[in-house]
Amino acid sequence: MTINSIGDNARAFSMQNATNRLKSTLNVLSSELNSGKVADITQRVRGNLQPLHHIENKISLLGQFKLTSAEATSQADLMQNVLTEIHAKSEKLGITLITDFSAPSAQIVSGYARDAKLALQSVVSQLNSSVAGVRIFGGTEVNRAPLVSANAILAEAAEVVSGAATPTEVFSKLDDWFSAPAGGDGFLDFAYSGSQGKIRQVQVSEHDMAVIDIDASHNVLRETLKSLVMGSLAENEVLPASIEDRRELLRLAGDGLHENGPRLIGLRGKVGLMQQQIEVAQAQNAHVLSSFQVARNDMVAADPFATAAAITEVQTQMETLYTLTARLSNLKLVDYLR
């Protein structure tokens with residue numbers, strides 16, 4: 001009769017290997033339960049990692065689009081708010097200057113002129129607005145204020161219209177200065193420091209770009225600024241001293257503001273379309289991202305119930321091994337020979 005046996009050292013080594021193997025398995029299973037991912041992804045995908053890499057790249061790209069679209073939303077929202085305030089302010093002042101037929105007096109003229117100046121300062125400040133460090137009305141030049149101060153614009157405008165004898169001449173000189181092209185020594189050269197003729201684009205999805213092409217040099221905004229400047233100059237000493245002429249200048253400013261109102265509404269509508277485009281792109285991105293995340297989970301996710309059952313099984317095996325080890329450690333030669 002052949003008796004197979006192993007020595008004490010061999011048995012101890014075998015027990016140690018079994019213990020280490022069970023501990024390693026338990027660590028892997030615990031990690032999978034905590035992370036929700038399988039430890040050996042290569043085995044899960046049977047060695048073909050290319051589909052998983054493709055999905056990971058798409059998820060990363062969609063994450064970037066989520067950030068850029070959020071930035072575009074913030075910029076578009078601020079632009080819409082600014083245009084809404086400019087339209088409301090200029091429309092209200094324009095109607096007041098047109099419909100007030102009270103007898104002109106120095107006090108009334110000065111009051112309306114101050115209202116126009118305050119509105120001009122507000123509009124210039126709003127057009128210099130920024131969000132997250134981006135000057136939204138500067139075109140592609142987003143790191144600096146696109147307009148000089150309202151006081152600087154008024155001072156230069158006063159020089160431009162100096163010598164004008166009638167409100168019509170003041171209007172003509174201001175119109176030429178504000179409408180002069182770049183290089184024509186007008187508003188664009190003196191007051192505006194943003195980009196000209198350039199379109200700022202923000203990619204909000206794999207196939208969509210949000211186009212931001214409204215800046216402080218836009219002709220509609222220049223018309224608003226021109227009318228506000230005209231009204232502000234109604235109490236400037238370089239103009240004719242006649243109260244009637246100054247009141248006429250205010251009326252011309254009111255006409256300009258009122259007539260430019262629909263154009264401002266058009267700009268607001270254009271921004272509204274951009275907001276809608278960004279919103280649609282964000283919804284599509286969220287849907288695609290969810291699909292890719294589900295596909296990734298199908299590849300790498302660990303089944304929590306199967307993992308928990310496996311952990312229980314390993315724990316049972318370890319308890320059995322420890323019990324067996326304890327009994328063997330108490331084994332005596334006398335007991336073995338019986």
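The questions and answers below concern salt bridges and a surface patch in a predicted model.

Reader: How many salt bridges does the model have by the rule used for it?

Author: A pair is counted when a side-chain nitrogen of Lys or Arg is within 4 Å of a carboxyl oxygen of Asp or Glu. In this predicted model, the count by this rule comes to seven.

Reader: How many residues apart in sequence are the parts that lysine 226 and aspartate 175 tie together?

Author: Lysine 226 and aspartate 175 form a salt bridge in which the closest N and O atoms are 2.7 Å apart. Because lysine 226 belongs to helix α8 (residues 219-232) and aspartate 175 to helix α6 (residues 167-179), the pair ties together parts whose separation in sequence is 51 residues.

Reader: Is lysine 226 buried or exposed, and what is its relative accessible area?

Author: The cut-off for a buried residue is under 20% relative accessible area. Aspartate 175, the salt-bridge partner of lysine 226, is partly exposed at 24%. Lysine 226 itself is buried, with a relative accessible area of 4%.

Reader: Which elements hold lysine 270 and aspartate 213?

Author: The side chains of lysine 270 and aspartate 213 form a salt bridge, with 3.0 Å between the closest N and O atoms. The pair ties together parts 57 residues apart in sequence, because lysine 270 is in helix α9 (residues 243-300) and aspartate 213 is in the loop between β4 (209-212) and α8.

Reader: What separates arginine 251 and glutamate 248 within helix α9?

Author: Arginine 251 and glutamate 248 meet through their side chains in a salt bridge of 2.6 Å, N to O. Arginine 251 is partly exposed at 31% relative accessible area, and glutamate 248 is partly exposed at 28%. Because they are three residues apart in helix α9, their separation is about one helical turn.

Reader: Which residues make the nonpolar surface patch, and what is its area?

Author: Isoleucine 199, in the loop between α7 (187-190) and β3 (200-203), is one of the contributors. Together, Ile199, Met209 and Val211 make a nonpolar surface patch of about 220 Å².

Definitions and conventions. Residues numbered from 1 in each chain as written. Predicted model: local features only at pLDDT ≥ 70, side-chain atom pairs only at ≥ 80, totals over all residues. Heavy atoms only, no water. Patch = residues over 30% accessible without salt bridge, like charges linked within 9 Å, V, L, I, M, F, W, Y side chains within 5 Å. Areas by Shrake-Rupley, 256 points an atom, 1.4 Å probe, with all protein chains shown as cover. Helix = DSSP H or I, 4+ residues; strand = E, 2+ residues; numbered from the N terminus. Buried < 20%, exposed > 50% of the residue type's maximum accessible area, 1.4 Å probe, protein only.
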